[in-house]
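Please look through the sequence and the model shown here before reading on.

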Amino acid sequence: MKKLLILAAALTPLAANAMNPLVTDDTGTQDTGNWQLELSSEWTSLVNARQQQWNSTLTYGVLPNLDIAVQAPYQRNRPDGASWTNGFGDPQLQAKWRFLEGENWSLGLKPFVTLPTASHDRGLGNGRVTSGANLLMQYDLDRWTFLGNLGYTWNDNRDGNRKSLWNASAAVLFNVTDKLRLALDIGNQTNADTSSTTRPAYALVGAIYSPTKDLDIDAGYKRGLNPVSIGHSVQAGVTIRW
């Protein structure tokens, strides 16, 4: 059962936390001395399992183009025919560096490391340190924003899953008004399950409502695009900046 729980978690997108509710991250940073708190929840139907996850991500702007962040997940997992297992997952340390930018475009790098503090025996954690990085690309055109990510994760584990994992994704956002944005996000990744070479893939639609410049409220729906992907998920969240 533990291996099934860990594989179920591995089927979720590998990219470090992006702007809710997206998987694909932008190159935006908080600027020096500013803070951001993201709270999100997701209810997911996986292959032979169900998962509920709540994420809290606290970000601090070290420089105008450099952020550091810590993400703390709490999750509930249930393989079909079994009872729920719940508890804190492995926390993740992140940084985001926007290293190159022009008038309408920018490039960034987002390294991350996940610490094995959660219970591996209960299927809540990986049991070993994992690390990786995502290359972030952004292009702005009038009311449109185009995003692209390419990432790698060293998925060290004791469960026989693949250790070398790649992920790629792209997203487009449209500003309907000054306060409402709509988004489409698609992507895929290396399958962590060594018994399959089919890459899990997803498509996501979402909306972000910003009643003020320091508050975002979001919702999204994600659907798997092949049999080895998630079935579907719904998510909601709030982002506060100060």
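A salt bridge is counted where a side-chain nitrogen of Lys or Arg lies within 4 Å of a carboxyl oxygen of Asp or Glu, and by this rule the count comes to 10 salt bridges. The model is a predicted one, in which local features need pLDDT of at least 70 and side-chain atom pairs count only at pLDDT 80 or more, while totals for chains, interfaces and linings use all residues. Residues are numbered from 1 along each chain as its sequence is written, and side-chain values use heavy atoms, with hydrogens and water left out.

One of these salt bridges joins the side chains of D25 and K96, at 3.4 Å from N to O. Because D25 lies in the loop between helix 1 (2–10) and strand 1 (35–46), and K96 in strand 5 (residues 92–101), the pair ties together parts that are 71 residues apart in sequence; helices (H or I, at least four residues) and strands (E, at least two) are DSSP runs, numbered from the N terminus. Both D25 and K96 are buried, where buried means under 20% relative accessible area, exposed over 50%, and partly exposed in between (1.4 Å probe, protein chains only).

Strand 11 runs antiparallel to strand 10 (residues 180–189), to which 9 bridges join it; two strands pair if DSSP finds at least two bridges between them. A hairpin through 2 residues joins strand 11 to strand 12.
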